[in-house]
Amino acid sequence: MCRWIAYAGRTIPLEHYVTEPSHSLVSQSIAALESTAATNGDGFGLGWYGDHPEPGRYREVQPAWSDDNLRYLCRHLRSHLFFAHVRAATGTPITRPNCHPFACGPWLFMHNGYIGDWSRLRRPVEALIPDELYPSRAGTTDSEAIFLGLLGCGLMGPGSRRDPVDATARALARLTDLAGAHPFRFTAALADGRDLYAFRFAANDKANSLYYRASEDGVVVASEPLDRDHGAWTTVAENSVLVARRDAPVEILSLAQFGLAAPPVEDSVRRLRA
């Protein structure tokens with residue numbers, strides 16, 4: 001189970017959330033508190049927006065705690081919207097193309113989740129990726145395939161107008177159908193350089209943890225709180241999306257209003273045993 005943080009707001013150094021807090025993302029890579037994996041040492045990555053429409057990225061296969069460059073990068077890189085991710089691999093190789101975040105055009109994406117029986121589902125999931133986006137498929141993870149698939153649901157290409165939440169909900173509905181009775185967990189962040197979207201969804205399983213803390217300066221979303229003041233953090237409800245649009249208050253929307261309703265875990269277990 002991976003750990004990640006996403007931030008949107010006033011321009012700040014990345015170190016403010018990635019390396020400095022008492023339970024920073026780097027600390028979580030060594031000792032996560034709300035993860036099935038105590039350590040997340042199968043690579044890490046940063047993604048940020050600056051002066052260009054497309055995001056910058058830095059990804060590495062070694063553990064975040066052992067990269068000497070990370071502390072310096074996070075001190076000197078400043079951004080109004082950035083991602084950071086530490087990986088716990090779930091069966092795919094530990095390579096740089098498999099490290100999060102993933103990027104395509106102006107979009108940035110990272111994921112903490114799992115789709116059961118990936119070896120069987122890889123081909124049908126990759127079939128969701130439009131031909132024009134498939135050259136962007138550089139790795140072998142389900143996360144990257146899901147990302148490119150949801151971009152194909154209306155976020156990329158000529159005349160793309162679909163709302164990102166609606167497009168993601170449509171993609172998740174198709175993925176839930178493909179997963180069938182197998183577990184599917186999707187706790188992910190998506191951004192276009194202006195707005196941030198953070199999803200917490202699961203079918204046939206309990207969704208992975210997700211929290212946020214909002215202030216006048218901005219909003220930070222994290223797999224688990226970055227400090228001991230848990231009262232300052234709010235849980236993102238299951239089957240929900242956090243929407244942080246520039247110059248607008250943070251919203252929490254139910255994915256059910258976009259036509260996505262996760263089946264009860266009890267029903268899923270019953271189907272698996274049948």
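Reader: Which residues of β12 point one way, and which point the other way?

Author: This is a predicted model. In a regular strand the side chains alternate between the two faces of the sheet. In β12, Val241 and Val243 point one way. Pointing the other way are Ser240, Leu242 and Ala244.

Reader: How many residues of strand β12 are buried?

Author: Buried means under 20% relative accessible area. Strand β12 covers residues 240–244 and is mostly covered. Its count of buried residues is 5 of 5.

Reader: How many bridges join β8 to β12, and which residue is the bridge partner of Leu196?

Author: Strand β8 spans residues 196–203 and runs antiparallel to β12. The two are joined by 5 bridges. Leu196 has its bridge partner in β12, and that partner is Ala244.

Reader: Which residue in β13 is the bridge partner of Ser240?

Author: Strand β13 holds residues 251–254. It runs antiparallel to β12, with 4 bridges between them. The bridge partner of Ser240 is Ser254.

Reader: Which residue takes a positive phi in the hairpin of β12 and β13?

Author: The hairpin has 6 residues between the strands. A positive phi near 65 degrees turns up there. The residue that takes it is Asp247.

Reader: Which residue in β4 does Trp48 stand opposite?

Author: Strand β2 is residues 44–48, and β4 is residues 78–86. They run antiparallel, joined by 5 bridges. Opposite Trp48 stands Phe82.

Reader: Is Leu73 buried or partly exposed?

Author: Leu73 lies in helix α3, residues 68–76. Its relative accessibility is 26%. Buried means under 20%, and exposed means over 50%. Leu73 therefore counts as partly exposed.

Reader: How far apart in space are Leu73 and Ala171?

Author: In sequence, Leu73 and Ala171 are 98 residues apart. In space, C-alpha to C-alpha, the distance is 34 Å.

Reader: What radius of gyration does the protein have, and how does that fit a compact globule?

Author: The protein has 7 helices and 13 strands. Its C-alpha atoms fill a box of roughly 50 × 40 × 35 Å along the principal axes. With 274 residues, a compact globule would have a radius of gyration near 19 Å. The protein's value agrees with that, at 17 Å.

Reader: What share of the residues is buried?

Author: The accessible surface comes to about 11900 Å², and 49% of it belongs to carbon and sulfur atoms. Of the 274 residues, the buried share is 54%.

Reader: How far apart are the centres of the positive and negative side chains?

Author: There are 28 positive side chains and 31 negative ones. The centres of these two sets lie apart by 3 Å.

How values were computed. Residues are numbered from 1 along each chain as its sequence is written. This is a predicted model: local features need pLDDT of at least 70, side-chain atom pairs count only at pLDDT 80 or more; totals for chains, interfaces and linings use all residues. Side-chain values use heavy atoms; hydrogens and water are left out. The radius of gyration is taken over C-alpha atoms; the globule rule is 2.2 Å times the number of residues to the power 0.38. Buried means under 20% relative accessible area, exposed over 50%, partly exposed in between (1.4 Å probe, protein chains only). Accessible areas come from the Shrake-Rupley method with a 1.4 Å probe; for residues, only the protein chains shown count as cover. Lys and Arg count as positive and Asp and Glu as negative; His and the chain ends are not counted. The place of a charge is taken as NZ of Lys, CZ of Arg, CG of Asp or CD of Glu. Two strands pair if DSSP finds at least two bridges between them.
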